Amino acid sequence: MKKKIVLVTSFLTLLIIFFIFLYLKTNKDNNFIEKREKKELIEKEDIEIAQEEIEDSNIIEDVTYSAKDAKGNEYFLKAGQGTIDQNESNFIFLKSVKATIDLKDYRLIEISSDFGKYNVNNYDTIFSKNVIITYLDNEITGGYLDFSLDKNLMIITKDVIMKSSKRALQADVIEVNLDTRDIRIFMYEENKKVNIKSLN
């Protein structure tokens with residue numbers, strides 16, 4: 001009988017020890033998982049903060065650029081904010097853009113738009129959204145303007161309207177050659193015509 005009690009007691013003791021060991025191991029594993037999850041969360045937050053800092057460090061307030069070509073034409077650009085493209089560092093994305101083109105022996109051309117993309121290598125600029133161009137007594141509005149100082153060319157597209165004191169016209173595209181001062185106005189489709197309206 002004593003042998004049986006000793007065996008049962010030993011078995012119960014081993015069982016209790018086993019459960020204690022199992023509890024401690026499970027608790028230790030849970031603590032390890034919790035610590036690892038906390039560490040991963042902290043690392044993730046650190047990465048996000050670092051990315052925000054990198055993005056913030058690419059933002060430039062009150063951006064200004066100026067250029068002059070061989071013929072003496074000057075180009076001046078100003079924006080409320082610029083962000084350097086992380087993939088192509090020679091491109092800067094702009095907000096609240098204003099530009100002036102001072103052509104030698106000609107009048108000033110002024111441009112404004114909500115957004116822009118500027119190439120610091122060749123000064124080419126894309127203006128987008130609410131583009132307004134004024135020169136002489138003309139105003140051209142559109143959604144998109146591709147300007148190249150090298151080619152002395154402005155191409156205005158997307159809902160283009162050109163107004164002067166005498167008339168207004170609607171077209172798909174207006175091309176302005178800054179060198180020759182020639183203006184080319186056309187529609188994409190041949191069967192469509194440029195809409196001209198007299199304002200008098």
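In which loop is Asn 152 found? Asn 152 is found in the loop between S6 and S7. This report returns to that turn after a look at the whole chain.

**The model**

This is a predicted model, in which local features need pLDDT of at least 70, side-chain atom pairs count only at pLDDT 80 or more, and totals for chains, interfaces and linings use all residues. Residues are numbered from 1 along each chain as its sequence is written, and side-chain values use heavy atoms, with hydrogens and water left out.

**The chain as a whole**

The chain holds 1 helix and 10 strands. Here helices (H or I, at least four residues) and strands (E, at least two) are DSSP runs, numbered from the N terminus. Along the sequence the pattern reads α-β-β-β-β-β-β-β-β-β-β.

The chain has 200 residues, and 26% of them are buried. Buried means under 20% relative accessible area, exposed means over 50%, and partly exposed lies in between (1.4 Å probe, protein chains only). The accessible surface comes to about 14,200 Å². Carbon and sulfur atoms account for 54% of that surface. Such areas come from the Shrake-Rupley method with a 1.4 Å probe; for residues, only the protein chains shown count as cover.

Contacts (heavy atoms within 4.5 Å) tell about reach along the sequence. Among contacts between residues at least 6 apart in sequence, 36% join residues at least 24 apart.

**Strand pairs and hairpins**

Two strands pair if DSSP finds at least two bridges between them.

| Strands | Direction | Bridges | Residues standing opposite |
|---|---|---|---|
| S1 and S2 | antiparallel | 9 bridges | Val 63 and Ala 79 |
| S6 and S7 | antiparallel | 8 bridges | Ser 148 and Leu 153 |
| S7 and S8 | antiparallel | 9 bridges | Ile 156 and Ile 174 |

S1 and S2 form a hairpin with 5 residues between the strands. In that hairpin, Gly 72 takes a positive phi near 95°. S7 and S8 form a hairpin with 3 residues between them. S7 covers residues 153–163, and S8 covers residues 167–177. In a regular strand the side chains alternate between the two faces of the sheet.

Now back to the opening turn. S6 and S7 form a hairpin with 4 residues between them. Asn 152 sits in the turn. Its phi is positive, about 50°, although Asn 152 is not a glycine. Asn 152 counts as buried because its relative accessibility is 6%.

Leu 136 also has a positive phi, near 50°, in a residue other than glycine. Leu 136 lies in the loop between strand S5 (125–135) and S6. With a relative accessible area of 45%, Leu 136 is partly exposed.

**Aromatic pairs**

How many aromatic pairs are there? The count comes to 2 aromatic pairs. Rings of Phe, Tyr and Trp (its six-membered ring) pair if their centres lie within 6.5 Å; planes under 30 degrees apart count as stacked, over 60 as edge-to-face and the rest as tilted.

Tyr 65 and Tyr 118 form a stacked pair, 4.5 Å centre to centre with 25° between the planes. Tyr 65 lies in strand S1 (residues 59–68) and Tyr 118 in strand S4 (residues 108–119), so the pair ties together parts that are 53 residues apart in sequence. Tyr 65 is partly exposed, at 22% relative accessibility. Tyr 118 is buried, with a relative accessible area of 1%.

The rings of Tyr 75 and Phe 147 have centres 4.8 Å apart and planes at 45°, so this pair is tilted. Tyr 75 belongs to strand S2 (residues 74–84) and Phe 147 to strand S6 (residues 138–148), so the pair links parts that are 72 residues apart in sequence. Both Tyr 75 and Phe 147 are buried.

**Charged side chains**

Side chains of opposite charge can pair when their charged atoms come close. A salt bridge is a side-chain nitrogen of Lys or Arg within 4 Å of a carboxyl oxygen of Asp or Glu. By this rule there is 1 salt bridge. Glu 175 forms a salt bridge with Arg 184, and the closest N and O atoms are 3.4 Å apart. Arg 184 counts as partly exposed, at 48% relative accessibility.

A charge also meets a ring. The charged end of Lys 117 sits over the ring of Phe 91, 4.5 Å from its centre. A charge sits over a ring if NZ of Lys or CZ of Arg is within 6 Å of the ring centre and within 35 degrees of the ring normal.
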